[in-house]
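Biologist: I am new to this structure. Please show me how to read it.

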Amino acid sequence: MSTQPNAMARSRAVLTLEYPMSLGRYDTYDKAQKAVDYLSDHEFPVQNVLIVGTDLKQLERVTGRLTRGRVAVGGLVSGAWLGLFVGLIFSLLDTSNSAGFAGVLITVAFGAVFGLVWALIGYALTGGNRDFTSVMQVVATQYEVLVEHKFAAHARELLAQMDPMAAAQAQVDAARQAQLDAATRAQAQDPTRQQPPV
């Protein structure tokens, strides 16, 4: 019997709230974290709060050109590190001490050659379709702070004390969004009806 479904169910339970209500949307994670930290500092039960990143986008920063030489050096270095790791493990497990330092050097050299050949084969198989190096990251455009419905009023009071202008703007934004949602629903029910301007 596997315990994986139970672990998945527990993780889903931790990451869900019963009847969540929005406390606000923030442009950066730091602002959302600051709001939750403020609630925590004022002894709010923050275990009932969830920060949700929405509107995900993938960023890829190109860091340089990928050439056969760079691929060879990268494969050589990573293979040498792997060889050093394997050689040190073998030398630690070898009770007769017959290989010693020479055995570690041989595994480093073998690892470097293996890494070089493997990297060049992989580069050749791409056929030049991706001749650049990059760093990728998935980020959210907005972060929404949600709270259990029974704690929403208290949390809003605390956040209004933190930044009264932001709290008023959040209420205006929520009212506009509710009006837009209602108009969208009405438009879906009666297609001949004109949608009011926002």
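This is a predicted model: local features need pLDDT of at least 70, side-chain atom pairs count only at pLDDT 80 or more; totals for chains, interfaces and linings use all residues.

Biologist: Which residues form a nonpolar patch on the surface?

Modeller: Residues are numbered from 1 along each chain as its sequence is written, and side-chain values use heavy atoms, without hydrogens and water. The patch consists of Leu-82, Phe-85, Val-86, Ile-89, Phe-90, Leu-92 and Leu-93. Together they have about 740 Å² of accessible area.

Biologist: Is Phe-90 buried or exposed?

Modeller: Buried means under 20% relative accessible area, exposed over 50%, partly exposed in between (1.4 Å probe, protein chains only). Phe-90 has 53%, so it counts as exposed. Phe-90 sits in helix H3 (residues 68-93).

Biologist: Why does Leu-23 count as buried?

Modeller: Nonpolar side chains tend to be buried together in soluble globular proteins. Leu-23 counts as buried because its relative accessibility is 9%. Leu-23 belongs to strand E1 (residues 20-26).

Biologist: What does Leu-23 touch, leaving out residues up to four places away in sequence?

Modeller: Contact means heavy atoms within 4.5 Å. The partners of Leu-23 are Leu-39, Val-145, Val-147, Ala-152, Ala-155, Arg-156 and Leu-159. Leu-23 and Ala-155 are 132 residues apart in sequence, yet their C-alpha atoms are 7.4 Å apart.

Biologist: Where is confidence lowest, and where is it highest?

Modeller: Helix H1 (residues 4-14) is lowest, at a mean of 62. Helix H2 (residues 29-41) is highest, at 92. The protein chain averages 84.

Terms used:
Patches are made of residues with over 30% relative accessible area and no salt bridge: like charges are joined within 9 Å, nonpolar side chains (Val, Leu, Ile, Met, Phe, Trp, Tyr) within 5 Å. Accessible areas come from the Shrake-Rupley method with a 1.4 Å probe; for residues, only the protein chains shown count as cover. A salt bridge is a side-chain nitrogen of Lys or Arg within 4 Å of a carboxyl oxygen of Asp or Glu. Helices (H or I, at least four residues) and strands (E, at least two) are DSSP runs, numbered from the N terminus. pLDDT is the predictor's confidence in each residue, from 0 to 100.
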